[in-house]
Amino acid sequence: MSDMAVPHGMAGEFEPSLFGAYSKKIGMWLFLLSDTLTFGALLFAYSYGRISNPDWPTPFHKESIINATIMTGCLLSSSLTMVLGVLAARRGDRSWTRNWILFTMFFGVAFIVLHGMEWTKLIAEGMTPSKNPWSSTVQQFGGTFFTLTGMHMMHVTIGVIYLGVVALRKKFLPILLICWLAAWLGTPADSVFHVGAHVILIGAIVAAMIMFLKPKDYDAHDVEIAGLYWHFVDLVWMFIFPLVYLMSTRITG
Amino acid sequence: MVAQDAHAHAGPQGFIRKYVFSLDHKVIGLQYYFLALAAVFVGMFLSLLMRIHMIWPTAILPLVGEIRPETYLQLLTMHGTIMVFFVLTTAPQSGFGNYFLPIQIGAPDMAFPVLNMLSFWTTFVAFVVMLAAFFAVGGAPLHGWTGYAPLSALTNSGPGEQLGADLWITSIAIFCIASLMGALNFITTVLDLRAKGMTMMRMPLTCWAWLITAILGLLAFGVLLSAGILLLLDRNLGTSFYVPLVVVNGQVMGHKGGSPLLWQHLFWFFGHPEVYIAILPGMGVASQLLSTFARKPIFGYKAMVYAIMAIGILGFVVWGHHMFMSGMSPYSAFAFSIMTMAIGVPSAIKTFNWLGTLYKAKIRFQTPMLYAIGFVSLFVSGGLSGPFLAQPVLDIPLHDTAFVVGHFHLIMGVAAIFGMFAGTYYWFPKMFGRMMNESLGRIHFVFTLIGTYCIFMPMHYLGMAGQPRRYSQFTEVAYLQHLMPLNRFITYAAFVTIAAQVIFVINLFWSMFKGPKASDNPWESTTLEWTTATPPPHDNFAGHTPVVYHGPYEYSVPGAAKDYVMQTDPAGVTAH
């Protein structure tokens, strides 16, 4: 990344940046640092409950693991397409930048949909934040699962919206509103996603505010910063997948 | 988007954009300052009610009525929360830091001005939500500022634990987000926007303190945010992160399998760095002022920088010393104890260097300097009881007594507030273009210094004699009867000290409009804020960026024309 010039408005009037990066990139790294601690605390809470409850339920069977593996594959592929998008942006290829970002978003949406189906299945089996059908003593199972994966799913959703804004700018707003209506009206009224769909609406409002108050063309730097965020979200999943799924599966010889 | 571009033109003229939703770091700094000023009076009023209740438990007060024991706990909770979050975290870091960090490093503004505005208004919302807890059904929560579970995690554990506690934790979560935005902005500004010649090792110690504080905030508040979200889930969705099987009023609650210790770990992982978030900016201000008014370079600049870093790093590995009473393994208690006492080393380095700065100096005893010296005094007095409490064997008898109250009020509360007073008297001319009244300042200092010592020193004795903290109505307890005269003395001292703060408020607001006009550099300081106009123009240096040639504390340099060399003085002498 060192080949990016430091775009100081009045170059030469300031000391070179300590890490040779421009402000927005440093800002994103710092945000990710604090978000690491936020997720770290949630993972700590999960591990704490996990260790102190020896009879932790292990309900994830073959189908769940296969599903989660496909989800992991989606995120890994999306990281690859994101890197390709950043490279395309760096060599100034606008159409491929947009295409690679759209691929990334596709994988992100696939992840959210697969995860949503997983949630729906678990909820149908009787799992809630406060109880689960597999163990009456270990109540945290549902709480930790929904908190960790829910927080992560929210980050993925924000990431998809963020990428959409960078790739399509104002053209993304109507798509976002259609997605919101589809997610809201397409889910049964008692589903958690019926309410959760409004995250998309909030995202659309925030995105509209940003784009109308400060209209600008997103350049290679913006793509790179969005990529940093996206890779971080993928990385978090690489902790959640083994800790939450693989460690809660029943291994039968 | 580069910050400098946004500030190349003149500032906004409309009232709303200029004073309310301003992007100017100086206006935002003042907004933070006045928010903290409002908060400190709320917090102080609550502490006054607590002191009154401790010696006249049945008194019927005008407007407030009778303070019942549970009301006392609510006062205690809100006093602690408001003071820690909205005063000690807000004023020294966000207030003074916002105003002076960009100017001191020669930047036209913070790196992200819009984010800066958002972080202030988010803090404001958090404050409003916190105050709303007073008016919720059942009143404010009573679980203390530390919000220990399961008391805080159950909705029927006491008055104020319904809506009031939800508002309390929501406010803290909002405050976390605001602090994270602020911290991110501070660090980026320091890394990216230092003027030519302003190397890291030429930054004033105030900037170093704000930088390290911002790093602490960035790492600590994210954890509290998660802890708060989990607490909200426990309270509202019936999860069991913090709650084991409990029975309240004969009724078995639905929770099972959680651990109250989890909350304590998460909370104190934030809570201990928070102590340094409160005190480090005060250390920076004290260093700056001692050097300026002693007319000597700061003794051991590099040692000061490394000591701040060491305190910051050690601050993250000592949270367990708040939990010696919580049933901790003796081995981990031992480790936490050693680490905690290790903090005494960088703290002693700083104190030694402050005294070294004062040694054989021609000191100008003006009000800011008095407060800086007062800061050192309180830091030493409060700090010396730290190594006592750091040892599990001594902490166990002392932990739940007034000893701890005396300790942390001296070092974290009053010392940090002295840092704020020092900063106010020192930077007031730059902020408002007028001088504060010197006589009123000195009277205020004498009353405040002696008053706070009279309040908090006896608490150490009370604690050793066995007076517990967090309890009310000691008048009914036989074995504490002989301590009542001392308790009465503390309350009277609190009356006087609080009354003395009126002098400060009068001085502040009178001087703002009627004080004598200040020159650009009334204290003959060397740092960049004193090179620009008073008050500074919208982009701080009227269109140009200063060039820095010297370290921050070039006082009494042999061979120089005056007894100080401005950082921007290209002539000067070629000192280090």
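**Reading a two-chain predicted model**

Colleague: In chain A, what share of the contacts between residues at least 6 apart in sequence join residues at least 24 apart?

Modeller: Two residues are in contact if their C-beta atoms, placed from the backbone, lie within 7 Å. In chain A, among contacts between residues at least 6 apart in sequence, 73% join residues at least 24 apart. This is a predicted model: local features need pLDDT of at least 70, side-chain atom pairs count only at pLDDT 80 or more, and totals for chains, interfaces and linings use all residues. Residues are numbered from 1 along each chain as its sequence is written, while chains are lettered from A and ligands numbered from 1 in the order in which they are written.

Colleague: How many helices and strands does chain A have?

Modeller: Helices (H or I, at least four residues) and strands (E, at least two) are DSSP runs, numbered from the N terminus. Chain A has eight helices and zero strands. Its C-alpha atoms fill a box of roughly 65 × 40 × 30 Å along the principal axes.

Colleague: What does Ile187(B) touch?

Modeller: Leave aside neighbours within four places in sequence. Ile187(B) then contacts Leu30(A), Leu211(B), Ala214(B), Ile215(B) and Leu218(B).

Colleague: How much of chain A is buried?

Modeller: A residue is buried if 20 or more other C-beta atoms lie within 10 Å of its own, exposed if 12 or fewer, and partly exposed in between. Buried residues are 38% of the 253 in chain A.
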